Amino acid sequence: MRQTIAEKILSEHSGKRARAGDIVIANVDFCFGQDGTSGIIIDSFRKLGVENVFDKDRFSIVIDHSAPSPNIGVSAIHAKIRKFSQEQDVRLFDIGQGVCHQIIPESGYVTCGDLVLGADSHTCTYGAINALSTGVGSTDVAIALAGGKNWFKVPETIKVVADGELPKGVYSKDVILYIIGNIGADGASYRSVEFYGDVIDDFSVDARFTISNMAVEMGAKCGLMAADKKTLAWLKKHALREPRPVEADEDAKYAETLEYDMSELVPQIACPHTVDNVHGIDEMLGTPIDEVSIGTCTNGRLEDLEIAARILKGRKVAHGLKLIVTPASKRIYLDALKKGYIEIFVEAGAVVNNPGCGPCVGTHQGVLADGENALSTANRNFKGRMGNPNANIYLASPATAAATALEGEISDPREHSRRLS
Amino acid sequence: MSNYAHRLKISNDINTDYIISGRYKFKIQDEKELAKHIFEDVEEDFHKRIKPGDFLVAGENFGCGSSREQAPIALKASGLRAVVAKSYARIFYRNAFNIGLCLVECETNYIDDMDELDLDLEQNILKNLSKGVNIEIKPIPRIMRKFLDMGGVIEYFKEHGGFDDIV
């Protein structure tokens with residue numbers, strides 16, 4: 001008894017009773033890399049001297065960060081990944097399939113109670129479906145690939161309770177930005193975060209992914225949620241394995257409990273150049289914006305595109321502003337096409353990228369010029385992130401992004417919510 | 001062997017994008033070449049200051065952000081003896097020891113740029129020779145120390161066939 005979700009999952013996977021602070025060796029249910037990290041996974045795996053990956057159905061590579069390749073160097077990495085995937089007979093998600101953090105759960109590789117390692121820091125995303133998933137470096141994935149295991153330090157847990165009813169025009173992105181602004185960029189370092197409360201219960205699974213996705217932006221190892229009917233319905237549609245829901249014990253020991261009332265929350269903006277530099281939209285209204293990016297593993301899901309499309313429908317983006325939309329996966333792209341969202345974006349003046357990471361990593365598809373301001377639905381606004389250290393990045397919800405695209409300056413999406421309701 | 005401390009203008013929350021930009025991590029696979037671009041987006045030509053044996057000194061939450069292993073790889077390839085910071089982000093912390101880059105955790109407020117330092121991992125002391133003070137460092141966890149001593153986790157894993165010995 002007295003265990004958190006992380007302690008329970010690590011106990012189950014290590015065969016030992018895991019308590020915060022312990023080091024355990026645990027079996028990994030699934031692991032993966034992306035094109036920015038898989039080159040080193042392959043090198044490290046070869047150095048380990050192991051011939052075959054421990055289980056070809058429990059490893060995958062996603063080419064998403066710079067896809068299609070913008071230059072010869074990246075093309076060489078992509079070629080190396082394709083060759084390795086073929087040799088090892090592992091599933092490769094090549095260019096155009098989408099962002100790893102959408103494809104991996106959407107393709108059914110993750111379910112409740114899993115332990116997942118990804119060579120990408122936003123692997124914490126699947127905490128939203130009750131999996132302990134965490135980002136590690138390439139070599140740690142290679143170690144897991146060799147024997148199906150790795151070592152873990154059992155984290156302490158912070159319990160975050162977000163209660164109240166969100167006002168119209170305020171979304172899960174605003175909730176997590178507010179929490180990060182409050183906790184700080186290293187406020188949850190080395191810890192697991194468990195999210196609870198009315199606000200989380202009310203969210204769709206898509207909206208919950210946005211919350212867990214950003215747990216790493218406060219330093220957390222994972223951002224977990226309990227499984228409910230919505231989680232199980234989502235998994236029934238997608239997951240390849242049976243869910244094993246894990247709940248924290250009622251008397252679980254938390255390092256800290258933080259309670260928030262979100263009833264009065266306003267749209268939030270993370271200002272340059274740190275994710276915890278968060279301000280209410282009122283303070284930022286009117287900031288001129290040159291490029292708006294809607295997409296990424298944080299906010300490129302169907303619900304996000306729907307929110308943006310509703311605001312943009314029948315309107316045109318501001319003169320001189322670049323609006324770039326990047327669906328998070330091929331399936332989302334196709335669904336958005338069927339629902340008419342893609343047509344709305346194109347008619348409004350947007351460029352619609354192929355599914356993938358889009359301009360988030362700064363290698364292609366929307367690199368900023370000196371002095372430009374971007375507003376993005378991504379999860380990072382570090383200097384240089386979108387390819388130019390002399391540009392500024394603001395982070396916000398898809399609704400704020402769409403409202404901003406229409407005006408050419410940071411604009412309040414709540415006005416559109418009133419118009420549309 | 002050089003032993004100077006180098007500080008960036010920013011001290012806290014130095015992320016892995018700053019250590020090595022996404023522009024290069026995809027493009028360059030040669031470690032020495034990668035090392036020529038460290039901190040390029042925040043301080044031009046910073047890499048030119050570093051000589052083999054030097055130290056990089058920072059504040060809280062060093063290495064936050066992306067999981068890119070190119071970050072510790074580039075720092076190690078630049079010749080740094082160790083990074084010295086008040087605290088580290090967890091993915092970077094694992095990655096650094098995994099590839100044999102030493103991270104020292106201690107109070108860094110009293111280390112100025114170009115101070116001369118000497119690291120004693122047996123006594124858990126960082127000596128600031130320029131100021132004549134000894135700074136106590138947090139002992140490196142046993143598991144990390146083993147990786148460091150062997151040059152990285154790959155070497156450890158190959159020798160021991162797993163981690164059973166250290167749990």
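Q: What makes β5(B) and β6 of chain B a pair?
A: In this predicted model, β5(B) and β6 (residues 125-128) run antiparallel and share four bridges. Pairing takes at least two bridges, so four bridges qualify them. Within that pairing, B:Leu119 sits opposite B:Leu126 of β6(B).

Q: Why are β5 and β7 of chain B called edge strands?
A: The sheet is open, with three antiparallel strands in the order β5-β6-β7 (chain B). Both β5 (117-120) and β7 (133-136) pair on one side only. On average, neighbouring strands here are turned by 20° against each other, ignoring direction.

Q: Why does A:Gln365 count as buried?
A: The cut-off for buried is 20 or more other C-beta atoms within 10 Å. A:Gln365 has 24 such neighbours, so it counts as buried. This residue lies in the loop between β16 (351-352) and β17 (373-376) of chain A, and has a positive phi of about 60° despite not being a glycine.

Q: And B:Asp45, why is that one called exposed or buried?
A: B:Asp45 has 9, so it is exposed. Its spot is the loop between α3 (31-35) and β2 (55-57) of chain B. B:Asp45 is not a glycine, yet its phi is positive, about 60°.

Q: What makes up the side of chain A that touches chain B?
A: There, 45 residues of chain A contact 38 of chain B. The chain A side divides into 16 nonpolar, 21 polar and eight charged residues. α5(A) gives the most, with five residues.

Key
Residues are numbered from 1 along each chain as its sequence is written. Chains are lettered from A and ligands numbered from 1 in the order in which they are written. This is a predicted model: local features need pLDDT of at least 70, side-chain atom pairs count only at pLDDT 80 or more; totals for chains, interfaces and linings use all residues. Helices (H or I, at least four residues) and strands (E, at least two) are DSSP runs, numbered from the N terminus. Axes are lines fitted to C-alpha atoms, for helices over the stretch in contact, and angles run from 0 to 180 degrees between N-to-C directions. Two residues are in contact if their C-beta atoms, placed from the backbone, lie within 7 Å. Ala, Val, Leu, Ile, Met, Phe, Trp, Tyr, Cys and Pro count as nonpolar, Asp, Glu, Lys and Arg as charged, and the others, Gly among them, as polar. A residue is buried if 20 or more other C-beta atoms lie within 10 Å of its own, exposed if 12 or fewer, and partly exposed in between; C-beta atoms are placed from the backbone.
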